[in-house]
Amino acid sequence: RIAVLNYKNSKSFTLLTTGFGHNFYIGHNKYSKVGYYLPEKIGEFYLTSRGNIFDNMKKIAEEGEGRTFQDSQVSSYFFKKAIGHIVEHPAEEFKLLCQRMHAFLNIHEATTYVNYYFQSQNSKLLQYTVQFNLLLFFSVFGILHTRLRDHLDLVIPIIITLLTILIFFYLTRFRIIMIPTLVIYGGVGIAVIKNSFLKNRVKFFTKLGIAFLFLGISSFRLVKIDLSNEWNKVGAVYLKLQRLKEAKEAFYKSLSENSSNSATYLNLALVLNKEGNAEEADKMKRQAELIIQGNQGNRAADFIK
């Protein structure tokens, strides 16, 4: 239906949105990672802004080909480039596919807008909520107990989530589609644990072993949690409000999370200047410059490779 409406309004065939092609390419190029990763440079062209990714990608396509593109053509252009990369690098793509499968089952919450780990530090409710690995543990009991073909309406969200992550990349908001399904299966699993243990110990321990296998896979953290950017943003808000003491505390928390965050050093320099401590502010600026220069060097080496 969406494709029909797209054709009716634009007179061109677009399956879902014009963002399909470039998002597919983001997940399948030589810089691709398990999650969402957009390098500063694609081919010979730099992204000019992080605000509107589609406009950036359209500009890159037009400059690369030396002609103008319709929005639907941008999608096709990057889709073909992604398919070309997959065909040329099957081993790398298979490895990435396996890593995304692991991310699909992993406890790590990869966010883009709101950081779960930062929010949980400041929310008593989130501190006591069930995390994904434990939810998966109980859900496995429920899934093993039921006949999936009799509950296709529950299975479909899991399939959609898995395909989305494998086709594009891993993000927490992609996985949220199947969480209600896992909650339902988790409730079944809790009941199954009780009944299986009382009635059939062999089945119980078989299911327990499988559930613990999934628990182990999901509990192995893929990524070190770094909240430096979140604390840096908190400090920036305090700085805007001229609450310098709180701003400084937030910036130092940011550095305790990641001592190589150049933005935090620059913001801390602003605070120190406002406090009249120009000498310390200069030290912070110099440290930021060293980090920025080092990062540029590393990026250049990556692109050369």
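The structure is a predicted model, in which local features need pLDDT of at least 70 and side-chain atom pairs count only at pLDDT 80 or more, while totals for chains, interfaces and linings use all residues. Residues are numbered from 1 along each chain as its sequence is written, and side-chain values use heavy atoms, without hydrogens or water.

**Overall composition**

The chain contains 16 helices and two strands; helices (H or I, at least four residues) and strands (E, at least two) are DSSP runs numbered from the N terminus. Of its 305 residues, 38% count as buried, where buried means under 20% relative accessible area, exposed over 50%, and partly exposed in between (1.4 Å probe, protein chains only). Among contacts (heavy atoms within 4.5 Å) with a separation of 6 or more, 64% join residues 24 or more positions apart. The accessible surface comes to about 18,500 Å², and 60% of that area belongs to carbon and sulfur atoms; areas come from the Shrake-Rupley method with a 1.4 Å probe, and for residues only the protein chains shown count as cover.

Helix 4 (residues 71–88) has 18 residues and reaches 27 Å from its first C-alpha to its last, close to the expected 26 Å; the expected span is 1.5 Å times one less than the number of residues. Its buried residues are Ser 72, Val 74, Ser 75, Tyr 77, Phe 78, Ala 82 and His 85. These buried residues pack against helix 2, helix 3 (53–65) and helix 5 (90–104). In helix 2 (residues 20–26) lies His 22, which is buried because its relative accessible area is 6%. Residues up to four places away in sequence aside, His 22 touches Ile 53, Phe 54, Met 57 and Phe 78.

**Helix 15**

The 13 residues of helix 15 (residues 262–274) should span 18 Å, which agrees with the 19 Å between its end C-alpha atoms. Its buried residues include Tyr 265, Asn 267, Leu 268, Val 271 and Leu 272. At the N-terminal end, Asn 261 caps helix 15, with a side-chain oxygen 3.2 Å from the backbone nitrogen of Ala 263. Just after helix 15, Gly 276 takes a positive phi of about 85°.

**Salt bridges**

A search of the whole structure finds eight salt bridges, each defined as a side-chain nitrogen of Lys or Arg within 4 Å of a carboxyl oxygen of Asp or Glu. The table lists some of them.

| Arg 175 | Glu 109 | 3.3 Å |

The side chains of Arg 175 and Glu 109 meet in a salt bridge. This pair links distant parts of the chain, with Arg 175 in helix 10 and Glu 109 in the loop between helix 5 and helix 6 (116–121), 66 residues apart. Both Arg 175 and Glu 109 are buried. Lys 233 and Glu 230 are separated by about one helical turn, because they are three residues apart in helix 13 (residues 228–240). Lys 233 is partly exposed at 45% relative accessible area, whereas Glu 230 is buried at 14%.

**Nonpolar surface**

Leu 152, Ile 156, Ile 160, Ile 176 and Ile 177 make a nonpolar surface patch of about 450 Å². Patches are made of residues with over 30% relative accessible area and no salt bridge, like charges being joined within 9 Å and nonpolar side chains (Val, Leu, Ile, Met, Phe, Trp, Tyr) within 5 Å. Ile 177 is placed in the loop between helix 10 (172–175) and helix 11 (179–199), and is partly exposed, with a relative accessible area of 41%.

Key. A polar contact is a pair of N or O atoms within 3.5 Å; within protein, one must be able to donate a hydrogen and the other to accept it, and residues adjacent in sequence count only if both atoms are side-chain atoms.
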